Amino acid sequence: MLKIDKLSKTYKNGKKAVDNLSFEVAPGDIFGFIGHNGAGKTTTIKCAAGLLEFTEGEIYIDGNSIKTRDMECKRLIAYIPDNPDLYENLTGIQYLNFISDIFGISKSERENSIKKYAQAFEITSSLGDIIGAYSHGMKQKLALISAFIHKPRLLILDEPFVGLDPKASHILKGFMRELCDNGGAIFFSTHVLEVAEKLCNKIGIIKDGKLIACGRTDEVKGDSSLEELFLELIENE
Amino acid sequence: MNNTVLLIRVQLINSLGINKLLKGSTSKEKVKSGLFVGLMFFVAVMVFIQMSAYAWIISDFLEKYKAMDVLIIAGTALSLLVCLFMSIYKASGYLFTFKDFDLLMSLPLSVRAILAAKLFMLAVSNMGLSVLLGFPYFMVYGIRTSAGAIFYFLAVILLILSSLLPLTIGSLISLGLGKVSGKSKRTNLIMIVGSFLFLLLFMLGMLSINSLTAANLKDIAESIESLKMVYYPFGLITRTLAGLSLTALLLFCGISIAVFAVFVLLFSRSFKATNTKMQEKYKASDFKMTELRVQSIPRALLKKELSHYFSSYVYVLNTGFGAVMMLLAVVMFIINREKLPQMLSVFPVKISEAFLVTLTMAACVSLTCTTAPSISLEGRKLWIIRTLPLTAQDIFKGKICLNLVVAVPVLLLSVTVLAAVFRLSVWEYLLSVGLGCAYSIFIAVTGLIINLHFPKLEWTTQTAAVKQSASVMLAIFTGFLSVILPIVMLVLLKPSDIVVFQLLWLAVTVIVDFGAYRYLSGTGAALFRTL
């Protein structure tokens, strides 16, 4: 579903944020992307979402190059940044309707989807309020609903659990599994290692722009916990 | 260092983007910043020259009637009105709903220190324009009366201090508007309508200054006395500058500082409560799912642009100005209908009433540019449209359509009314509407191109993206040039048939529209992808 091939990204100041990164996320995978602050996670995610142009390498989404067939790629993905700034002056329902219009979702389908996800995240009663009046967690929930309603094949999430209460986090994990059970794939970054350990079937650990470990979660961590492995790799590399 | 001074220092560094200019930016960005500063300086010099020339022409009349004091009144009134308007317009962002409220209130700083720093920033932001517009009048008075250095020294002190009273009044009006609107769901609508009303009052004030200085010279003495009655400090300013009275100066300074100090003292007591109240957003939390409307992508994009536009007070106030000017122009045309043939005879080339209507409408349309800050306004929300399956052209069309929706209905209404008043032929009517529409497309496309070249995506308040960005200044300048050029061509070519000239003008504008749109679709789209 997502193939990152020898990806490198150098910023204007000469700093190489991502260096020769290669890995794949297959349909049904929940891929956790782990690394310390400034390791290159967000840069990689933004490149995969088509937000950043990269220096070298290729990114394919369902076989389409993000460089040359970006529209096809964008129809297949949903992306949520770490701090979702939304249109503060639209109401929640206006925003969801806008996203539905762009993806051409039918009337009945959008109504059912919005009902389903808004009820699950418990924000139905607030959908008529402007987004500017939402708390951080509510904005996060709204952004997640907007990502789920068009049934993306690939969900790209940057720190999706930040700002969510425990119940919402639990619900999100359920929806993530549901999407993957239906043939979708998820590529997300997180600092919460326990979540990654329990939720992801694949993980990648990035340090200073380079992938230092990648593969099936149980194979990568072996007998130790993910936290122990992460700290060991970060210290030793 | 005193806390207030510390705060002012930090705010100046932050709002002027000094660090970005000196340390963070690349050489390309430095060139852009340099160009922006250069452009601002050029515009300031042009305004100063224009105001000085205007004041000089008025002084010729005033000398005959030995009423040179009127220059001081006119300069002060202009400066005060500008300061009052800017304060009403900006106070909300500086004093009541500023982004760093939580940060500052959590620090061990007194409310008075925070308020003083915010008021200082507001005063500084007003002062430039206030001095730029008022000082030429004082300067011409000084030259005409051969005043000494002490006169200029006093003039500068007075201009700086005179901003305190309108700043206080403006802040109070803004506070009142905010309190009224804060209780309603339609906060922005009330703020927009209220501010446009004050804007119209401001324009009427400006017009009355013009009529006072140029037209009704016989009534000058009476007018001055009535102005002094309405606004007591006028008398003190006149006595200080014309009579070099130290008592009047001290009295004026005393009144200004006292009123300002009382405002700071009283407002500091309710500062926290007022800000808390005004930062609250209307929440109903009673939404129930009903039927949703399905729309096409272009309609959805236009709807999103419209919702964003009309919910942003700063955006509407700055870019809807041209549409308000169109309506004001219609009123002025109707009032001065009888004098129009005489006014037209002043032009070096013979022009018709229809041409004047077309020119005025084109000028007003060129002031209505919603696109110049539209990319910048996406700010940190840019990820939404960048990750959606939309082409850059789709996004551009939505933004261009917004400009047309704001300008064209007002244009149609204005030209239709004026066509009825001046009995324009169908051809003249169509030419006026056609040129207005072509100008609206031109300014919308050009505004987008400029914004793509000079985006300002990192901002904390929308004011920074709408008012303090190079793209908006350049778009205003481009609009101004697009109106000046045909006038220059008209004077140079002296066409025998004004309708043919208008047709050529329309044809050239349409060709430029196509060229600009082609550039936007190609280079503009490429620029958009790199944002």
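These legends describe close-up views of a predicted model with chains A and B.

**View 1. The six-stranded sheet of chain A.**
In chain A, six strands make up an open sheet with mixed pairing, ordered E6-E7-E8-E3-E9-E10. Its edges are strand E6 (77-80) and strand E10 (210-216) of chain A, each of which pairs on one side only. Direction ignored, neighbouring strands of the sheet are turned by 15° against each other on average. Strand E3 (residues 30-35) and strand E8 (residues 185-189) of chain A run parallel and are joined by four bridges. Within this pair, A:Phe31 is placed opposite A:Phe187 of E8(A). E7(A) also pairs with E8(A) in the parallel sense, over five bridges. Here A:Leu155 has A:Ile186 of E8(A) as its bridge partner.

**View 2**
E8(A) is mostly covered, with five of its five residues buried. The burial extends to both faces of E8(A): A:Ala185, A:Phe187 and A:Ser189 lie on one side, and A:Ile186 and A:Phe188 on the other. Leaving out residues up to four places away in sequence, A:Ile186 touches A:Ile30, A:Phe31, A:Leu155, A:Leu157, A:Met176, A:Leu179 and A:Cys180. Helix H6 (residues 166-181) of chain A lies across E3, E7 and E8 of chain A. The direction of H6(A) is at about 140° to E8(A).

**View 2. The nonpolar cores.**
The largest nonpolar core contains 141 residues. Those with the most contacts inside this core are A:Ile145, A:Ile156, A:Ile186 and A:Phe187. Helix H21 (residues 426-453) of chain B supplies the largest share of this core, 14 residues. Apart from this core there is a second, separate one of 49 residues, which includes B:Ala55, B:Ile58, B:Ile73 and B:Val131.

**View 3. Helix H21 of chain B.**
H21(B) consists of 28 residues, of which 21 are buried, and is mostly covered. From first C-alpha to last, H21(B) reaches 40 Å, close to the 40 Å expected at 1.5 Å a residue.

**View 4. Helix H1 of chain A between strands of two sheets.**
Helix H1 (residues 41-48) of chain A lies across E1, E2 and strand E4 (56-61) of chain A, and runs at about 120° to E1(A). H1(A) also lies across E3, strand E7 (154-158), E8 and strand E9 (202-207) of chain A, with an angle of about 150° to E7(A). Eight of the eight residues of H1(A) are buried, so the helix is largely enclosed by the rest of the structure. The buried residues are A:Lys41, A:Thr42, A:Thr43, A:Thr44, A:Ile45, A:Lys46, A:Cys47 and A:Ala48. Just after H1(A), the phi angle of A:Gly50 is positive, at about 80°.

A:Asn37 sits in the loop between E3 and H1 of chain A. With 7 other C-beta atoms within 10 Å, A:Asn37 is exposed. The C-alpha atoms of A:Asn37 and A:Leu229 are 17 Å apart in space, while the two residues are 192 residues apart in sequence.

**View 5. The four-stranded sheet of chain A.**
Four strands of chain A form an open sheet in the order E2-E1-E4-E5, and their pairing is antiparallel. Strand E2 (16-25) and strand E5 (64-65) of chain A are the edge strands, each pairing on one side only. Strand E1 (residues 2-10) of chain A runs antiparallel to E2(A), and six bridges join the two. One of the bridge pairs is formed by A:Thr10 and A:Lys16, the latter in E2(A).

**View 6. The contact of chain B with chain A.**
The contact involves 35 residues of chain A and 29 residues of chain B. On the side of chain B that touches chain A, helix H13 (297-310) and helix H19 (382-387) of chain B are the elements that give two or more residues. H13(B) gives the most to this side, with five residues. By class, the side of chain B that touches chain A has 12 nonpolar, 10 polar and seven charged residues.

Methods. Residues numbered from 1 in each chain as written. Chains lettered and ligands numbered in written order. Predicted model: local features only at pLDDT ≥ 70, side-chain atom pairs only at ≥ 80, totals over all residues. Core = buried A, V, L, I, M, F, W, Y, C linked by C-beta atoms within 7 Å. Buried ≥ 20, exposed ≤ 12 C-beta atoms within 10 Å, placed from the backbone. Contact = placed C-beta atoms within 7 Å. Nonpolar A, V, L, I, M, F, W, Y, C, P; charged D, E, K, R; others polar. Pairing = 2+ DSSP bridges. Axes fitted to C-alpha atoms, helices over the stretch in contact; angles between N-to-C directions. Expected span 1.5 Å × (residues − 1).
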